[in-house]
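Please open the model in your viewer and keep the selection panel at hand.

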Number of protein chains: 2
Amino acid sequence: MAVALPPGVTEQAMGRAIEAFARALGPDAVLTSEQDLREFRDPYAYVGWDEFTAGAVVMPSSVEDVRAVVRIANEHRVPLWTFGQGRNYTYGGPAPRVRGSVLVNLRRMDRVLEVNEELAYAVVEPGVRFFDLHDALRGHRLWPSVPDIGWGSVVGNTLEHGRGYTAQGDHASSVCGMEVVLPDGDVLRTGMGAMAGGTSWHVNQRGFGPSPDGLFMQSNFGIVTKMGVWLMPQPEVYLSCFARVPDDAAVAALADALRGLMLEGVIRNYPLLGQGVGIGDDEGTAAVGEASHWALRFALYGRRAVVDAQYAAVEAAFADVPGLELSRRTYAGHDLSGVTNHDDKVQCGIPGMELMERFEEPYGEATGHLDLSPVSPATGREVVAMVERLRTLYGDHGIPYVAGLIFSARSVLHITTTFFDTRDEAQTRRVYDAYGHLVRALAAEGYGLYRTNLMYMDLVAEQFDFNDHAQRRFNETLKDALDPNGILSPGKQGIWPRHLRPAR
Amino acid sequence: MAVALPPGVTEQAMGRAIEAFARALGPDAVLTSEQDLREFRDPYAYVGWDEFTAGAVVMPSSVEDVRAVVRIANEHRVPLWTFGQGRNYTYGGPAPRVRGSVLVNLRRMDRVLEVNEELAYAVVEPGVRFFDLHDALRGHRLWPSVPDIGWGSVVGNTLEHGRGYTAQGDHASSVCGMEVVLPDGDVLRTGMGAMAGGTSWHVNQRGFGPSPDGLFMQSNFGIVTKMGVWLMPQPEVYLSCFARVPDDAAVAALADALRGLMLEGVIRNYPLLGQGVGIGDDEGTAAVGEASHWALRFALYGRRAVVDAQYAAVEAAFADVPGLELSRRTYAGHDLSGVTNHDDKVQCGIPGMELMERFEEPYGEATGHLDLSPVSPATGREVVAMVERLRTLYGDHGIPYVAGLIFSARSVLHITTTFFDTRDEAQTRRVYDAYGHLVRALAAEGYGLYRTNLMYMDLVAEQFDFNDHAQRRFNETLKDALDPNGILSPGKQGIWPRHLRPAR
């Protein structure tokens, strides 16, 4: 029997739903024991908290299975919560926003359905991990884009606006063509896939009429069951580059130079500028949060002569940045056997687990961390102001500032993180409380987060308040139209179905 | 009084609506005389057809005016049809899908609200023309992306998936942040603009939660009143490049080489490969449709040394294409005074009217043309197959094949066109009838159009038939939820509100 029940769902209704899931998917595809469910808790919450506890887990193997799950959920009015791998630990992992929800665990849908070398794309199911996609590309001259930790779902990461570090590192922008099971069980294909037998589903990002793809990201409007992912062709030469500056004083000049290089297309990947996160630290010996220098990693890809000219342009652009040291490691694109360290790996699409190991240093396996990631414009002035703002805000809570800034040409994602011992409730609570304070303080100055943890989805959504929360009204209108019974991931990103909507 | 009435709208209701529009916007902002309305007919239809005749025109000057228009339309159940400039003549210009609709002419909303040089973007209202944006960028080191004809609306072109030819030439991908008046009069800002005072509205393409921007393109779900547009920084050097091959035999090899160069980032703009459309024809003397050779134009932008290395890479990649002749013209990015011909202008963002003049050669000002633009994958094999398919299909109707292929790295837009004399009904009808036949024949092989004329919106939408028209069901669900009275642009892209939905 389920250990946690969703609001308004009786033990009997949940029982009937679970029986129906087992009939439809087979008994081995349904988990309900307390022991089985423990694997799916919020991994970085205090171990004693149980607000985000699932009621059961179902494991569809096919689109038809997903449709059956949705139909049964509608029939019994049971809330679902979906995940591809559930590895976005700092955001809640596989755990549901609403206690007692039935987890739709998509790990069994793990096929790479197509790899197209000429057109540089792959088609994946939601259970495909970055490791799996990388494996599927062996023998092809194609590189995937991977985030810092490789065990996550390609689809899951992408739908949450996750990021990687190759030229296709803005994963949401690299999507081309989705198949989606809607909350009522209907199956939609987007773009050119909306035509049966459409030949351009994964090569053209739009079709005829409106493009709904963005609606299925960070939302609860559908379950993505197939997705086209654009890849980058293996270049002739890959330069993994590093720039180091001694302290904050040089960051504005560095950011301005970097923005120029990105806007003009010299740097086409997504650079990471970090303090205290070990970038460019070959030996991996500096403890997290200890260093005071800033380090930037970025990459150049292409023909030898082009890359050489680009590197010279980088040298020229960085010449006036005070105290900057520039270095690079050069690899042939067709032979990555010498690529062994984390920074070099992620910039050429090789997934790994190194960062996970590093992040467990503070308290071993009990280490949790909570990421807070506001977006700022990419001018040096704005970047430095945000660094100072965050350093002060964290300082007010006695928390050190640890940051990795992912640069796009025009905006920067300031990923900051705080480590704590998940066995220590008071310590964990302090970090969570500080987070809430920071969210409000940032919003007061016009800065929003790009993503957040289960605990703060409502608070972060609340900050998006233009025109008395027009975005929320719009999302609720869509939610009511697409999911009238409110069964799909209620509360995700602060979007609630009518029957669970908080009074305002 | 209005000369044409929408279905189900009485003369009295229309009269009351027009009075209300005049009260809200001022009498000079409402046009109803037959003579005034003539300017807004479908410019390339046979002169005697009147299916797409407007009932009135309203000219809002502000977001509040647009909201008032929408409120009045809801009150009187009068259908609206919006346009920025209404210059997409081959698709129907400013004319409405539903006879008698009230045109929402946005030409008075013509302000460039912001130009941000550091972050390379502008914010425009929907009446801003490419000419206007170009003017507003004088003194800035920024280039806009412009289509072949410069008098259209930046917003209008972008929302219809229009294309330009710089590195930001995929206009829909270069949008960052919209303000939208919804059919119920509510005002939504997307992305980071959903936060009041949000600092990253036009630099980060997503916010928190789902991204609806794609929903407001090629649709009737809202009226876009502000839009952020990403621009490209003025490069040190601009190379306007041309490749010419004698006949079809070389097109496969050319397309494959081109795709490789685009996938690896050597060519970052949107090349155009044409036959009979005068590309690279300095003197502009070849009549449309006459040439048998193929000509490709593309551009390189950047530091001198980088561009030189890239041009060498292009030479190497094109070396094996049979009979190819490559040439280039080199300009300093800061001095475009020597850029005078059409091809060189559009690749560095200078708007013009040359193509309009050329396209009027066949029958003078009475010349119409109907564009049919299927999408194919960008492999040489697929490109050649589509060329042959279209040549055969057009040939079946005795129509010459005239084409401009816009290349992206993975897909190609095959823009083909047919000229006719709009004073000749039989000739015009033959071209339209052929179009319908081609739409069906292409769809039978899995190829869809990226955009179409008023007359064929239903037919083209009908071809997007996966899962018994799941896309149509989805669009109708959204339409009913967002626009329950069905007042906004009914029938656009085949999306009909409930009360006008054809029986199926």
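The stops below each begin with something to select.

This is a predicted model, in which local features need pLDDT of at least 70 and side-chain atom pairs count only at pLDDT 80 or more, while totals for chains, interfaces and linings use all residues. Residues are numbered from 1 along each chain as its sequence is written, chains are lettered from A and ligands numbered from 1 in the order in which they are written, and side-chain values use heavy atoms, with hydrogens and water left out.

**Chain A as a whole**

Along the principal axes, the C-alpha trace of chain A spans about 70 × 55 × 45 Å. Of the 504 residues of chain A, 68% are buried, where buried means under 20% relative accessible area, exposed over 50% and partly exposed in between (1.4 Å probe, protein chains only).

**The nonpolar core**

Next, select Phe318(A), Leu405(A), Phe318(B) and Leu405(B), the residues with the most contacts inside the largest nonpolar core, which has 250 residues. Such a core is a set of buried Ala, Val, Leu, Ile, Met, Phe, Trp, Tyr and Cys residues joined through side-chain atoms within 4.5 Å. Around Leu405(A), leaving aside neighbours within four places in sequence, the contacts (heavy atoms within 4.5 Å) include Trp294(A), Val383(A), Val387(A) and His414(A).

**Arg259(A)**

Move to helix H6 (residues 251-263) of chain A and pick out Arg259(A). Is Arg259(A) buried or exposed? Arg259(A) counts as buried, because its relative accessibility is 9%. Not counting residues up to four places away in sequence, Arg259(A) touches residues of chain A, among them Ala378(A) and Ala409(A), and also Glu118(B) and Leu119(B).

**Helix H1 of chain B**

Finally, select residues 11-25 of chain B, helix H1, whose 15 residues reach 21 Å from first C-alpha to last, close to the 21 Å expected at 1.5 Å a residue; the expected span is 1.5 Å times one less than the number of residues. Buried residues in H1(B) include Met14(B), Ile18(B), Phe21(B) and Leu25(B), and the cover over the buried residues of this helix includes helix H3 (63-76) and strand E4 (102-105) of chain B.

Notes. Helix = DSSP H or I, 4+ residues; strand = E, 2+ residues; numbered from the N terminus.
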